[in-house]
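Q: Could you walk me through the cavities and the salt bridges here? I'd like to know how the terms are used as we go.

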Amino acid sequence: MKSFLRATTAFAAIALAGSAFAADLPRRAAPPPVFTPVPVFTWTGFYAGFNAGYGFGTSDNNGPTVLGVNGASTLVLPGTTAAIAFPGNRSNDGFVGGGQIGYNYQFTPGSGFVIGVEADAQYADFGRERNRFVSTGPLAAQAVFNPNGLSGLDYFGTVRGRLGYAFDRTLVYGTGGFAYGSGGGSQFGTGVSSNDFQTGWVAGGGIEYALPTDSFLNFFRSSAVTLKVEGLYVNLDRNSNASAGAFAVNNAGALVTTSSPGVVVASGGSRVRDTEFAVVRAGINYKFGSY
């Protein structure tokens, strides 16, 4: 019995000493919290999107064009005459819209220079002035249009370089390059063949902003959605236009120009000049790759 008591006492003393020793030992430190850095936004990557806006002619047309036609023009009955007047000082304007694709490269993420290339194709509705004219008599024509206006331009496109500077999610840029356009034929769908495809140049600039993921406008919930506003000046060369001076398509489906038989230019007249117009538009892009 005494031996049992001595053993129990010794065990208890050892246990107490061990607990005190363990309490003096340093505790194991908790692991540090995991820190995930937020990626720095970069404009580098391919993108595609849509745009819409307004275009208006910038050419100066100071006065009306008045043409006299007789039976030889095939626009009136033989032995009769008529005068056709196209208004001046009216700028052709209307809706433009289409899509774009491109690629940007940013030299330093965050803030820094950005270079890129972009191509776009646009529908152009400059048709409100297309058939605006006054005639002193009935005409035998399928279509009549202003030979000096933008009426023949139904679509255009550009291939441009871009150079800008990014302030994190805001990009300010200038742009310029090649432009082209056509009206699908100056006859506006009558089937008459004409060479009205035009090429030229374009220049402009704009500002683009990458939406934060939690923005209510960011329906993709992605850091790759950007909004832009830009202005462009487009100049298309008309000097090689085979149908320059065309203003009507007769009932036989043939083009009638200011130099056709039976047509007299009373005032104004067709001026072979560049097709010049400006575009102001807004767009949305989706950049492939969230950063």
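A: Let me start with residue classes: Ala, Val, Leu, Ile, Met, Phe, Trp, Tyr, Cys and Pro count as nonpolar, Asp, Glu, Lys and Arg as charged, and the others, Gly among them, as polar. This is a predicted model, in which local features need pLDDT of at least 70 and side-chain atom pairs count only at pLDDT 80 or more, while totals for chains, interfaces and linings use all residues. Residues are numbered from 1 along each chain as its sequence is written, and side-chain values use heavy atoms, with hydrogens and water left out.

Q: OK, how many cavities of 30 Å³ or more are there?
A: There are 2 cavities of 30 Å³ or more, a cavity being a set of points on a 1 Å grid over the protein atoms alone where a 1.4 Å probe fits but cannot get out. The volume is the space filled by probe spheres set on the points, with grid points joined across faces, edges and corners.

Q: And what volume does the second largest cavity have, and which residues line it?
A: The second largest cavity has a volume of about 40 Å³. Its lining, meaning residues with an atom within 4 Å of a point, consists of Trp43, Tyr47, Asn104, Glu208, Thr226, Asn285 and Lys287. By class, that lining has 2 nonpolar, 3 polar and 2 charged residues.

Q: Switching topic, how many salt bridges are there?
A: The count is 8 salt bridges, where a salt bridge is a side-chain nitrogen of Lys or Arg within 4 Å of a carboxyl oxygen of Asp or Glu. One of them joins the side chains of Glu118 and Arg160, at 2.5 Å from N to O. This pair links distant parts of the chain, with Glu118 in strand β5 (residues 111–124) and Arg160 in strand β8 (residues 155–167), 42 residues apart; strands are DSSP runs (E, at least two residues), numbered from the N terminus.

Q: Is Glu118 buried or exposed?
A: Glu118 counts as buried because its relative accessibility is 1%, buried meaning under 20% relative accessible area (1.4 Å probe, protein chains only). Arg160 is buried as well, with a relative accessible area of 1%.

Q: Which other salt bridge does Arg160 make with Asp120 in the picture?
A: The side chains of Arg160 and Asp120 meet in a salt bridge at 3.3 Å, N to O. Here Arg160 in strand β8 and Asp120 in strand β5 are 40 residues apart, and both residues are buried.

Q: What about Lys228 and Glu230?
A: Lys228 forms a salt bridge with Glu230, the closest N and O atoms being 3.4 Å apart. Salt bridges that share partners join Glu118, Asp120, Arg160, Arg162, Glu208, Lys228, Glu230 and Arg281 into one network.

Key. 1 Å grid on protein atoms, 1.4 Å probe; cavity = no way out; pocket = protein on both sides within 12 Å on 5 of 7 lines; lining within 4 Å. Helix = DSSP H or I, 4+ residues; strand = E, 2+ residues; numbered from the N terminus. Buried < 20%, exposed > 50% of the residue type's maximum accessible area, 1.4 Å probe, protein only.
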